[in-house]
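Dear colleague,

Please read the notes with the structure open beside them.

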Amino acid sequence: MRVSRIIIVLLISAWPLYYLYTHSLGAISFLLLAMFFLVLAIKEMKALKEVNKSEDKKAEPEKIGRNSR
């Protein structure tokens, strides 16, 4: 997820989260934010794993045959 999308989502959700906070339901807003950032972290970890897998495939040593002289 791009940074601009993350900021837009946080700005859109700011008012409902603030409303929950003012009505002594701050734990719910904290839980929602924690779940949002957990989803972001899981997506980033999946992307990093895919990049590492592709790099591992490229880094495999090549088999070099002997010349028969």
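Predicted model: local features only at pLDDT ≥ 70, side-chain atom pairs only at ≥ 80, totals over all residues.

A search of the whole structure finds two aromatic pairs, where rings of Phe, Tyr and Trp (its six-membered ring) pair if their centres lie within 6.5 Å, and planes under 30 degrees apart count as stacked, over 60 as edge-to-face and the rest as tilted. Trp-15 and Tyr-19 form a stacked pair, because their ring centres are 5.8 Å apart and their planes lie at 25°. Both belong to helix H1 (residues 3-22), where a spacing of four residues separates them by about one helical turn; helices are DSSP runs of H or I, at least four residues, numbered from the N terminus. Trp-15 is exposed, with a relative accessible area of 62%, whereas Tyr-19, at 43%, is partly exposed (buried means under 20%, exposed over 50%, partly exposed in between, with a 1.4 Å probe and protein chains only).

The rings of Phe-36 and Phe-37 have centres 5.3 Å apart and planes at 70°, so this pair is edge-to-face. Phe-36 is buried at 19% relative accessible area, while Phe-37 is partly exposed at 42%.

Residues are numbered from 1 along each chain as its sequence is written, and side-chain values use heavy atoms, with hydrogens and water left out.

Conventions: Helix = DSSP H or I, 4+ residues; strand = E, 2+ residues; numbered from the N terminus.
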